[in-house]
Amino acid sequence: MNNLDNPRQNHLLSALPENVYARIFPHLESVLLINGKILYEPWEELFYAYFPTTCIVSKFVFTKNGGSTEIAAIGNEGVIGVSLFMGGKSMPHWAAVRNQGCAYRLPRQVFLKEFEHLPEKPNDESFHYLMLRYTQVFMTQVAQTAVCNRFHSIDQRFCRWLLTTLDRQSSDELIITQELIANMLGCAEKVSRRLLKNYSSRD
C-alpha cells in the first residue's frame, strides 16, 4: 500500500482512535472510482458507505425537464452514506463520481455496528460522534451551496466550484469539460463553454 492508496488519507478515518480504526480496517475495501460512476440513484438502497481518498463525488438532483445541479461535493474530508445512520436506507438524489480516484468502502452492517458502539463517555473522536459532527458540517455545506446558487452570478459559482474542487485534490491539474460544468452548475452548455474558455485563457 503506497501513500496514494491509504485509508488514512480520508480525514474522517484519519481522526479515528487507533482502537476504533483497528476494528473497521479489516472491512475497508479499496475501490477505484472512474468518472461518471453512479454510487447510488434516488431511493436506491445503500449497501456501502464510501470514504474518498483521492476521488471527488457529487451529489446532484435532476429537474423534470432533464436539467441537473450539484448540491454538494464530497472528497477526502468526508463520507458518502450519512443516510445509513440517519434512519433512512436511501436518498432522494444521485451520487456520482466527478473526479476519478480511490475510495474505501465499508459494508453497511459494519458501518452501523460501529456507529451504534457508544463509548462510556462522550468522545469527540469516537466513530459515533465523528459521524454526527461531519453531518453537521455537511448540512452547512449544502446550505451554503443553496445560498450561492440563489444569490451569486454564474461566474462566481464557477469560481467557487473550482476552488472547492482544488481543495479536495492533491494536484493543481483539473480535467473538466463544458458538459461537466453545465451539469454541476445547472447552466446551458453555451454558458459553460464561455466559462471554460475564460478559465483556460488565464493559464
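Start by selecting arginine 8 and tyrosine 21: the charged end of arginine 8 sits over the ring of tyrosine 21, 3.7 Å from the ring centre. This is a predicted model. Next, select arginine 105 and tyrosine 48. Here arginine 105 lies over the face of tyrosine 48, at 4.0 Å from the centre of the ring.

Now move to helix 3, residues 108-115. Colour Arg108, Val110, Phe111, Glu114 and Phe115, which are the buried residues of this helix. They lie on the same side of helix 3 because they cover an arc of only 165° around the axis. Turn to the face directed away from that buried side, and you find the exposed residues Gln109 and Lys113.

What lies over the buried residues? Show helix 2 (18-24), strand 3 (48-52), strand 7 (101-107) and helix 4 (127-151); the cover of the buried residues of helix 3 includes these elements.

Then display the aromatic rings. The whole structure has eight aromatic pairs. In one of them, phenylalanine 85 and phenylalanine 111 are stacked, at 5.9 Å centre to centre and with 20° between the planes. This pair links distant parts of the chain: phenylalanine 85 is in the loop between strand 5 (68-74) and strand 6 (94-99), while phenylalanine 111 is in helix 3, 26 residues apart. Phenylalanine 85 is buried, with a relative accessible area of 11%, and phenylalanine 111 is buried too, at 0%.

Finish by selecting Phe51, Phe85, Phe111, Phe115 and Phe127 together: they form one aromatic cluster. Two of its members, Phe111 and Phe115, are among the buried residues of helix 3.

Methods. Residues are numbered from 1 along each chain as its sequence is written. This is a predicted model: local features need pLDDT of at least 70, side-chain atom pairs count only at pLDDT 80 or more; totals for chains, interfaces and linings use all residues. Side-chain values use heavy atoms; hydrogens and water are left out. Buried means under 20% relative accessible area, exposed over 50%, partly exposed in between (1.4 Å probe, protein chains only). Helices (H or I, at least four residues) and strands (E, at least two) are DSSP runs, numbered from the N terminus. The arc is that of the directions from the helix axis to the C-beta atoms. Contact means heavy atoms within 4.5 Å. Rings of Phe, Tyr and Trp (its six-membered ring) pair if their centres lie within 6.5 Å; planes under 30 degrees apart count as stacked, over 60 as edge-to-face and the rest as tilted. A charge sits over a ring if NZ of Lys or CZ of Arg is within 6 Å of the ring centre and within 35 degrees of the ring normal.
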